Amino acid sequence: MTTEIVIAQTTLGDEESAKKLAQGAVAARLAACAHIDAPLTAVYRWNENIETAAEWRVSFKTTKSRLAELADWVGQEHSYDVPEWIVLTVADVSDAYLAWVVNETTPA
């Protein structure tokens, strides 16, 4: 298969928002699955202040062909003014996992 898998990541300020975003993306078939990491500490500059906050990272597994639609959807559903959006390329993947991701992200 030539379809490429990517991992797209964002962070949210609470676990419930992270779960809602992850479940919504999977339900809409924009991602085959999503992992929510335990809270991490983010340190960043915002409005000229150094901020520290707990955040939950959501990692979406999807195909390159569904990535733009997932990005648009996350941008609409996300609560942050400037949501993190980082896309990681997957260098290698098993044929079985690739087939599963493709199947789960194909619109019904």
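Student: How many helices and strands does the chain have?
Tutor: Good place to start, and keep in mind that this is a predicted model. Read along the sequence, the elements follow the pattern β-α-β-β-β-α-β-α. Counting them up gives three helices and five strands.

Student: How does the radius of gyration of the chain sit with the globule rule for 108 residues?
Tutor: The C-alpha trace spans about 45 × 25 × 20 Å along its principal axes. For 108 residues the globule rule gives 13 Å, and the chain comes close to that, so it is as compact as a globular protein of that length. The radius of gyration itself is 15 Å.

Student: Is Val 26 buried, exposed or partly exposed?
Tutor: Val 26 sits in helix 1. Leaving aside neighbours within four places in sequence, its contacts are Ala 31, Ala 32, Cys 33 and Ala 34. Buried needs under 20% relative accessible area and exposed needs over 50%. Val 26 has 34%, so this residue is partly exposed.

Student: What distance separates the end C-alpha atoms of helix 2, and what span should its residues give?
Tutor: Helix 2 covers residues 64-77, which makes 14 residues. At 1.5 Å a residue they should span 20 Å. The end C-alpha atoms agree with that, being apart by 20 Å.

Student: Which element gives the most to the lining of the largest pocket?
Tutor: That pocket has a volume of about 220 Å³. Its lining is made up of Thr 11, Ala 42, Tyr 44, Trp 46, Ala 53, Glu 55, Tyr 80, Asp 81, Val 82 and Glu 84. Strand 3 (40-46) and strand 4 are the elements that give two or more residues to this lining. With three residues, the top contributor is strand 3.

Student: How many nonpolar, polar and charged residues are in the lining of the largest pocket?
Tutor: You can follow this from the names, since Tyr and Trp count as nonpolar here. Glu 55, Asp 81 and Glu 84 are among the lining residues, and Asp and Glu count as charged. By class, the lining has six nonpolar, one polar and three charged residues.

Student: Where does Arg 29 lie, and what is its phi?
Tutor: Arg 29 is in the loop between helix 1 and strand 2 (33-36). Its relative accessible area is 23%, so Arg 29 is partly exposed. Phi is positive here in a residue other than glycine, with a value near 65°.

Student: Is Glu 48 buried or exposed?
Tutor: Glu 48 lies in the loop between strand 3 and strand 4. Glu 48 has a positive phi of about 65° although it is not a glycine. Exposed means over 50% relative accessible area. Glu 48 reaches 69%, so the residue counts as exposed.

How values were computed:
Residues are numbered from 1 along each chain as its sequence is written. This is a predicted model: local features need pLDDT of at least 70, side-chain atom pairs count only at pLDDT 80 or more; totals for chains, interfaces and linings use all residues. Side-chain values use heavy atoms; hydrogens and water are left out. Helices (H or I, at least four residues) and strands (E, at least two) are DSSP runs, numbered from the N terminus. The expected span of a helix is 1.5 Å times one less than its number of residues. On a 1 Å grid over the protein atoms alone, a cavity is a set of points where a 1.4 Å probe fits but cannot get out, and a pocket is an open set with protein on both sides within 12 Å along at least five of seven lines; lining residues have an atom within 4 Å of a point. Grid points are joined across faces, edges and corners, and a volume is the space filled by probe spheres set on the points. Buried means under 20% relative accessible area, exposed over 50%, partly exposed in between (1.4 Å probe, protein chains only). The radius of gyration is taken over C-alpha atoms; the globule rule is 2.2 Å times the number of residues to the power 0.38. Contact means heavy atoms within 4.5 Å.
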